[in-house]
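Subject: Structure handover

Hello,

Here is the structure I promised to pass on. Please open it first, then read my notes below.

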Amino acid sequence: MSASSSTRLLKLALPLVQTHGFTREALARSVLSLPPSEAHSEPLSDTAVSALFGHGDAARRTLIDAWLKDGRSPTLREVLRARLEYNEPVVSLLPEAFALLVTPSSGIHLLDPLPAFKHAATIADEACLELTAFQLEWYARRASLAVVYAAAELHQLTSPTTAYSFLDSLLETSSNLKSSLNEVELYSSYVFKSWRGIIKSSGIFS
């Protein structure tokens with residue numbers, strides 16, 4: 001079998017850890033979980049397990065490493081992209097929703113970005129879970145990610161198909177502390193202007 005096949009079987013072996021432990025047997029029985037058209041009638045031979053995953057306890061270590069990696073939190077990029085994906089089914093409804101979000105309920109025609117920034121900050125908090133939380137860098141990175149995400153989300157409203165590449169480009173340029181603080185101001189300006197445009201086009205004040 002190819003390396004891609006062993007990777008596939010390794011993934012299929014992960015649920016079997018619950019019943020068979022971190023064993024070579026769990027790896028051997030992975031082929032029984034393949035789709036019906038590919039499934040084996042018998043577990044892999046010990047020779048096949050060694051060829052695919054390593055001899056002796058090396059195979060068990062391969063399984064343990066895979067299990068540990070599978071349980072890790074997603075990267076910050078994955079967290080932000082997942083949130084954009086969550087928006088997709090209702091993206092056409094979001095302009096009006098965001099316009100209401102940043103419009104004060106008092107009726108005064110002023111822009112109140114605090115609720116929308118709280119939304120973006122909450123997502124940034126989730127993305128920053130694995131970063132050290134007591135360093136200046138963490139706070140700068142969190143602020144930068146919040147406005148980066150807000151900018152990407154607003155971009156999604158007008159260009160859903162390019163939202164992910166836009167997010168990636170922003171993340172690439174905000175990858176270090178030196179630029180992060182400057183970008184907070186830059187992206188915040190973009191976000192603020194975008195929200196103003198959304199409110200104006202929504203007709204809420206008409």
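A salt bridge, as used here, is a side-chain nitrogen of Lys or Arg within 4 Å of a carboxyl oxygen of Asp or Glu. I come back to these pairs below.

First, the ground rules. This is a predicted model, so local features need pLDDT of at least 70, side-chain atom pairs count only at pLDDT 80 or more, and totals for chains, interfaces and linings use all residues. Residues are numbered from 1 along each chain as its sequence is written, and side-chain values use heavy atoms, with hydrogens and water left out.

**Overall fold**

The protein has eleven helices and zero strands. Helices (H or I, at least four residues) and strands (E, at least two) are DSSP runs, numbered from the N terminus. Buried residues make up 36% of the 206 residues. Buried means under 20% relative accessible area, exposed means over 50%, and partly exposed lies in between (1.4 Å probe, protein chains only).

A contact means heavy atoms within 4.5 Å.

**Confidence**

pLDDT is the predictor's confidence in each residue, from 0 to 100. The protein averages 80, and 75% of the residues score at least 70. Confidence is highest in α3, at a mean of 96, and lowest in helix α11 (residues 177–202), at 60. Over residues 176–181 the pLDDT is below 50. That stretch still has nine contacts in the model beyond near neighbours in sequence.

**The cores**

A nonpolar core is a set of buried Ala, Val, Leu, Ile, Met, Phe, Trp, Tyr and Cys residues joined through side-chain atoms within 4.5 Å. In soluble globular proteins, nonpolar side chains tend to be buried together.

The largest core here has 27 residues. Those with the most contacts inside it are Leu80, Leu84, Leu145, Leu157, Leu167 and Leu171. Helices α6 (76–87), α7 (94–101), α8 (114–127), α9 (136–158) and α10 each supply at least two of its residues. α9 gives the most, with ten.

Look at leucine 80 in particular. Leaving out residues up to four places away in sequence, leucine 80 touches Ile123, Ala127, Leu145, Tyr149, Leu167 and Leu171. There is also a second, separate core of 18 residues, which includes Leu9, Val17, Leu27 and Ala28.

Helix α10 (residues 163–173) is worth a view down its axis. Its buried residues are Ala163, Tyr164, Leu167, Leu170 and Leu171.

**A buried serine**

Serine 30 is found in the loop between α3 (24–28) and α4 (46–53). Its relative accessible area is 0%, so serine 30 is buried. Setting aside residues up to four places away in sequence, serine 30 touches Leu9, Leu12, Ala13, Leu16 and Leu44. A polar atom of its side chain lies 2.6 Å from the backbone oxygen of leucine 27.

**Salt bridges**

Now back to the charged pairs. Side chains of opposite charge can pair when their charged atoms come close. The count comes to seven salt bridges. Three of them follow.

- Aspartate 57 and arginine 60 meet at 3.7 Å, N to O. Both lie in helix α5, three residues apart, about one turn of the helix. Aspartate 57 is partly exposed at 43% relative accessibility, and arginine 60 is partly exposed at 34%.
- Lysine 11 and aspartate 70 meet at 3.9 Å, N to O. This pair links distant parts of the chain: lysine 11 is in helix α1 (residues 3–13) and aspartate 70 in helix α5 (residues 57–70), 59 residues apart. Lysine 11 is exposed, at 55%, while aspartate 70 counts as partly exposed, at 48%.
- Aspartate 168 and arginine 81 meet at 3.3 Å, N to O. Aspartate 168 lies in helix α10 and arginine 81 in helix α6, so the pair ties together parts 87 residues apart in sequence. Aspartate 168 is partly exposed at 22% relative accessibility, and arginine 81 is partly exposed at 26%. Salt bridges that share partners join Arg77, Arg81 and Asp168 into one network.

Best wishes

Notes
A polar contact is a pair of N or O atoms within 3.5 Å; within protein, one must be able to donate a hydrogen and the other to accept it, and residues adjacent in sequence count only if both atoms are side-chain atoms.
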